[in-house]
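This report goes through selected helices and loops of one model. Please keep the sequence and the structure open while reading.

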Amino acid sequence: MSSQSKIEWTDATWNPTRGCTKISAGCKHCYAETFSERFRGVQGHPFEFGFDLRLVPEKLYEPIKWQTSKKIFVNSMSDLFHKDIPDDFIYKVFSIMKIADWHIYQVLTKRPERMKLLFDSKLKEFSKLKHIWIGTSVENEKHGKPRIEILRKANVSVRFLSIEPLLEDLGKVNLEKMDWVIVGGESGPKARLMESSWVESIQKQCKSENVPFFFKQWGGVRKHLTGRVLKGQTFNAMPKFEIVIPPNRTGILDLLKEAKKVLV
């Protein structure tokens, strides 16, 4: 977990699980895998086991300890709806989000099928919480567009699309019920190029449908050189949200006690 993040659309990251497995074209040059595998075998390091999927229960309570409101990217180094993460553990993660409700949680998955099933059952009590945003990744038509259809039908309050890495022209995108769209290109040594016309098409569709549009980056081998300016401007739109004042120190200690009783 990091109290600060360099990811443009969030403030912090929280990883109660670590690691994942590849599932689609967007995973080919996974930044999280590349980072994690650098530390495989380094005893005591958080990624001592590389990108192998692991639960990290000792990280569960950490959002409660943060005394300033943040936008938190949940599982920036994993996928909370991976098939090997037990339902009960996922329930605990969402329970913490419910308790520490002064944050905005951005939960992004490439596995919306399981997400939808759980929000129709075990996670149903969290479906109306507007401070929990549920998103899915979209990289191309084959893998991404079916995920959009599943997300649209999911029993959640706030839905968003992370169209990154954008690998091809998506054509017409159905943005019905979508509350936010992020677009970005792939970065790193083997980055696949993104054409400006692909981005502009999505931006125009968002404008037409009044969906907040956030342009994250052009990407490339040296993303700091390509930047994130599109048509001469920076796009930073987000869904509107209510700012909640965090409890004081005594209140936080009480919530930690409550959480440990609930999540035993």
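Which elements do the buried residues of α4 pack against? They pack against α3 (87-99), β5 (104-109), β6 and α5.

## Basis of the description

This is a predicted model, in which local features need pLDDT of at least 70 and side-chain atom pairs count only at pLDDT 80 or more, while totals for chains, interfaces and linings use all residues. Residues are numbered from 1 along each chain as its sequence is written, and side-chain values use heavy atoms, with hydrogens and water left out.

Helices (H or I, at least four residues) and strands (E, at least two) are DSSP runs, numbered from the N terminus. Contact, which also covers packing, meeting and touching here, means heavy atoms within 4.5 Å.

Pro112, Arg114, Met115, Leu118 and Phe119 are the buried residues of α4; buried means under 20% relative accessible area, exposed over 50%, and partly exposed in between (1.4 Å probe, protein chains only). These residues cover an arc of only 160° around the axis, which puts them on the same side of α4. The arc is that of the directions from the helix axis to the C-beta atoms.

Helix α4 (residues 112-119) and helix α5 (residues 141-153) have axes that come within 9 Å and cross at roughly 10°. Axes are lines fitted to C-alpha atoms, for helices over the stretch in contact, and angles run from 0 to 180 degrees between N-to-C directions. The two helices α4 and α5 are therefore roughly parallel to each other (angles under 35 degrees count as roughly parallel, over 145 as roughly antiparallel, 65 to 115 as roughly perpendicular and the rest as oblique). On the α4 side the contact involves Pro112, Glu113, Met115 and Lys116, which meet Arg147, Ile150, Leu151 and Lys153 in α5. By class, the residues of this contact are four nonpolar, no polar and four charged (Ala, Val, Leu, Ile, Met, Phe, Trp, Tyr, Cys and Pro count as nonpolar, Asp, Glu, Lys and Arg as charged, and the others, Gly among them, as polar).

Leu123 sits in the loop between α4 and β6 (132-137). At 0% relative accessibility, Leu123 counts as buried. Not counting residues up to four places away in sequence, Leu123 touches Phe81, Ile90, Tyr91, Phe94 and Leu118. Ile90 is 33 residues from Leu123 along the chain, and their C-alpha atoms are separated by 8.5 Å.

## Helix α6

Helix α6 (residues 196-209) has 14 residues and reaches 20 Å from its first C-alpha to its last, close to the 20 Å expected at 1.5 Å a residue. The expected span is 1.5 Å times one less than the number of residues.

Trp198, Val199, Ile202, Gln203, Gln205 and Cys206 are the buried residues of α6. Seen down the helix axis, they fall within an arc of 160°, so they line one face of α6. They pack against β7 (158-163), β8 (180-184) and β9 (213-217). The face turned away from the buried side of α6 carries the exposed residues Lys204, Lys207 and Ser208.

## Backbone features in the loops

At 69% relative accessibility, Asn210 counts as exposed.

The loop between β7 and β8 holds Lys177, which is not a glycine either and has a positive phi of about 70°. At 48% relative accessibility, Lys177 counts as partly exposed. Pro165 also lies in the loop between β7 and β8, and a cis peptide bond with omega of about -5° joins Glu164 and Pro165.
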